[in-house]
Amino acid sequence: MNGSVIFGGFFAGSAAVVLALWLALDLPLRLLPLGNRYQLWFASLAFSLALLAYTLELSRRNLVRLVGVVVLLAVLIGTLAASSETAFDRSNIFELLSRQGALGVITIGAALIILTGGIDLSIGSVVGLSAVAFGTLMESGVSPVASLGLVLALGVAVGLTNGLLVTQLRLQAFLVTLCGMFVFRGFAREINKKQTGLVLAKENHPEMAESIDGLRALLVGKTENGALEFPAMLVVMLLFASIVAVILHKSAHGRYWFAIGYNDRAARYAGIGVERQRIAVFVIGSTLAAFAGVLLLLNTGTADPTNAGGSLELYAITAAVLGGVSLKGGECTAIGLVLGALVQPVINNLMTFLEIRQSAEPWVIGLILLLGTIADELIRRDAFGSIRRYFLRRA
Amino acid sequence: MRPFALVAFASLLAALPACTGKSGTGKVKVAVVTNCTDPFWTICEAGAKQSAKDNDVELVFRQPAKLEVASQMEIVEALLKTGIKGLAISVINPKEQTPDLTRIASQVNLLTMDNDAEKSGRLCYIGIDNYEAGKEVGRMVKRALPEGGTVAIFIGETTSHNAHGRIAGVLDELEGKDNRADITAGKYREQYGKFKLHRKEPITDSTEPDKVLNNASDALEQLKNTPNVAMVGLYNSNPKGILESARSKSLVGKIKIVGFDENPVTLEGIDKGEIEGTVVQDPYNYGYESVKWLAHMAKGGDKKALPTKATQHRLVTKTGEKVAGVEVPIYKASEYAKKIRDSLEAGK
């Protein structure tokens, strides 16, 4: 019944399977031009799953926090499988995993900030600004890799600003990032008056076409005509998640973050540099959001300054909470974030496959999330104790 | 009692299929995907449903929550996997969506409506030419203010293809010059012919209802002492927003209002003489024609029968009488409003 053993075994097993697949595919793929990319993906997958397994920290408390989201996912995926015979086709599964990866990247950032007792409402706007900036830079001839670097630097700057305002001026994170939400949206609209995109960048600079397509293929797994050949964004997300897992569960920084979120004052008295840690977390969050912006442009091919990334912060926060993050701070597991980010894309996919009435869609989505949260909370409170007692009483 | 919460959750999910429109009729299935959620598309859906009945196909009609390519493509990709035999789509960004649409056109019968992507390999386009429709609006402004004056332009956003076409159409007609390249690049000037452009750019509201109203109110406050003002609303909700704020400030009649699309409030305002007129697109027919041609193709019909020209826009005025210089059909506002009500009723 030891949860750590079960989960750890599961992930170690998955890592082994991926590794075996990688080795098995190695030879045939060497003959294909795509070979290198597949190798990199599989290697990254194996690496990140192994790290996640290694860092798994499943106390009974953590395990209980994960049961809810696992049950919710199982029910949703079961319903999806039953909805249509094509729902489990490889192409749909890849599509789903890809979207889950995209959501996961920002979920990790949002969760770390919540863990340390903050909140970041500017995520969606930062995603939008980064996507637009990334496209605009490439349109003006900056190479894709350099653009990526500049956009990540932008993310660092945004996080630093948020962090400094919150820690040095002692402003509420809610307010600072709410203002940021408007400011960064405005910046996006200032730097480009129209929709930006890969086709335009390639038209302006045909010499960069190959490297743009290359970056797109590597990071989101799409070919130049937009066909999804591999859910690479999931790999990207798992890589981030596994690195964060090491920091969270195996390093002193992670311990500090839990302490700060759980009791800010106690952490301060214990000699933790609370301000510095907080700033670091804001920087990580915004940088991940900036990276998500790059992924958004590469995946969709286009970004509109007026609405790209809009309300993504809310999806990220919801995913984090479903994954066991407490909005009060001080609670979070890396594996929970991965699981939490899987939920929303499955729900959206389900709406199409079940052909839910248009008017019913918003309340159906809202109710699923609400009831998922309620079930999660109930399980969390007493870990099936009441169910067991209920049935024992009956017997 | 707690176990019941879990049971309730499980049963809600189990009951989900009851909310679905799945009929399992075995009929050919076609899909229409719009660019966002809007009353405009509700009229389109009524037409599409009627057409699905008339042409004996199963219809999936989806309106993405946001006017954003990412939301739209999430729906499209999922629909493709449900075994649809044809797709009609209102393209959001023609240039950038072309590669994706080309791939989709190789999988299913694809046609564009409302907004085109010419090079995507779509079978045909059902919709108006937004630039020409914008020029029609410009002509209305010129008729309302023959001496020139100040014009304020309100629109949801200035980044989409549709928006560029409409804005450029209006300003080009006012100036008599082609400014399309500048407008696509987001460059505006203060003076267009005899008209001054208020705030030197169109005023945007992201189609948020309160912002639509507030933008119009603010502009009215700024311009209430300026003579010869025309306010132009280029998205469905804009003429309504302008009219409502003009009513609240008792400025109706003092400024000229020119509209776009067939919002019921707009049509009512035209009928009362509060709005000069509006240029309409006929979304009911977009839906009807889209499904008709998708059904035609799915049943092995001839490609040559497909429409090859853009649909003509139309003008709605108070009287519906002939106007010099207008070549498109003109409708009387009260009759046009009734026509829409009837078609919505029939769609239910």
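The structure is a predicted model. Chain A comes to 17 helices and two strands, and 49 of its residues are in contact with 47 residues of chain B. Chain B is assigned two domains, and five of its strands form an open, parallel sheet.

**Chain A: overall fold**

- Chain A has 395 residues, and buried residues make up 52% of them.
- Among contacts in chain A between residues at least 6 apart in sequence, 79% join residues at least 24 apart.

**Chain A: the crossing of α4 and α14**

- Helix α4 (residues 90–115) of chain A and helix α14 (residues 312–322) of chain A have axes that come within 8 Å and cross at roughly 70 degrees.
- Angles of 65 to 115 degrees count as roughly perpendicular, and α4(A) is therefore roughly perpendicular to α14(A).
- On the α4(A) side, the residues that meet α14(A) are A:L103, A:I106, A:T107, A:A110, A:A111 and A:I114.
- On the α14(A) side, the contact is made by A:L312, A:E313, A:Y315, A:A316, A:I317, A:A319 and A:A320.
- By class, this contact of α4(A) with α14(A) has eleven nonpolar, one polar and one charged residues.

- A:V343 lies in helix α15 of chain A.
- There are 23 other C-beta atoms within 10 Å of A:V343; a residue with 20 or more counts as buried, and A:V343 is therefore buried.
- Leaving aside neighbours within four places in sequence, A:V343 is in contact with A:V69, A:L72, A:L73, A:L76, A:A319 and A:L322.

**The interface between chains A and B**

- The contact involves 49 residues of chain A and 47 residues of chain B.
- On the side of chain A that touches chain B, at least two residues each come from α3 (60–83), α4, α8 (198–204), α13 (274–300), α15 (334–353), α16 (361–382) and α17 (385–394) of chain A.
- Helix α16(A) gives the most to this side, with six residues.
- The residues of chain A on this side divide into 20 nonpolar, 20 polar and nine charged.

**Chain B: domains**

- Domain 1 of chain B covers 25–127 + 282–311, and domain 2 of chain B covers 130–280.
- The centres of domain 1 and domain 2 of chain B, taken over C-alpha atoms, are separated by 30 Å.
- Eight residues from domain 1 of chain B and seven residues from domain 2 of chain B take part in the contact between them.
- The side of domain 1 of chain B that touches domain 2 of chain B has four nonpolar, two polar and two charged residues.

**Chain B: the parallel sheet**

- The strands of the open sheet run in the order β2-β1-β3-β4-β5 (chain B), with parallel pairing.
- Its edge strands are β2 (58–62) and β5 (125–126) of chain B, each of which pairs on one side only.
- Strand β1 (residues 29–33) of chain B pairs with strand β3 (residues 86–89) of chain B over four bridges, and B:V33 has B:I89 as its bridge partner in β3(B).
- Helix α11 (residues 283–298) of chain B packs on the sheet and touches β1, β2, β3, β4 (109–113) and β5 of chain B, its direction making about 165 degrees with that of β4(B).
- β3(B) also pairs with β4(B) over four bridges in the parallel sense, and B:L87 has B:L110 as its bridge partner in β4(B).
- Five of the five residues of β4(B) are buried: B:N109, B:L111 and B:M113 lie on one side, and B:L110 and B:T112 on the other.

**Chain B: two loop residues with positive phi**

- B:K200, a residue other than glycine, has a positive phi near 55 degrees and lies in the loop between β8 (195–197) and β9 (203–204) of chain B.
- B:K200 is exposed, with 10 other C-beta atoms within 10 Å.
- B:T207, also not a glycine, has a positive phi of about 55 degrees and is found in the loop between β9 and α8 (209–223) of chain B.
- B:T207 is buried, with 21 other C-beta atoms within 10 Å.

Note on methods:
Residues are numbered from 1 along each chain as its sequence is written. Chains are lettered from A and ligands numbered from 1 in the order in which they are written. This is a predicted model: local features need pLDDT of at least 70, side-chain atom pairs count only at pLDDT 80 or more; totals for chains, interfaces and linings use all residues. Domain bounds come from an automatic or database domain assignment. Two residues are in contact if their C-beta atoms, placed from the backbone, lie within 7 Å. Ala, Val, Leu, Ile, Met, Phe, Trp, Tyr, Cys and Pro count as nonpolar, Asp, Glu, Lys and Arg as charged, and the others, Gly among them, as polar. Two strands pair if DSSP finds at least two bridges between them. Axes are lines fitted to C-alpha atoms, for helices over the stretch in contact, and angles run from 0 to 180 degrees between N-to-C directions. Angles under 35 degrees count as roughly parallel, over 145 as roughly antiparallel, 65 to 115 as roughly perpendicular and the rest as oblique. A residue is buried if 20 or more other C-beta atoms lie within 10 Å of its own, exposed if 12 or fewer, and partly exposed in between; C-beta atoms are placed from the backbone.
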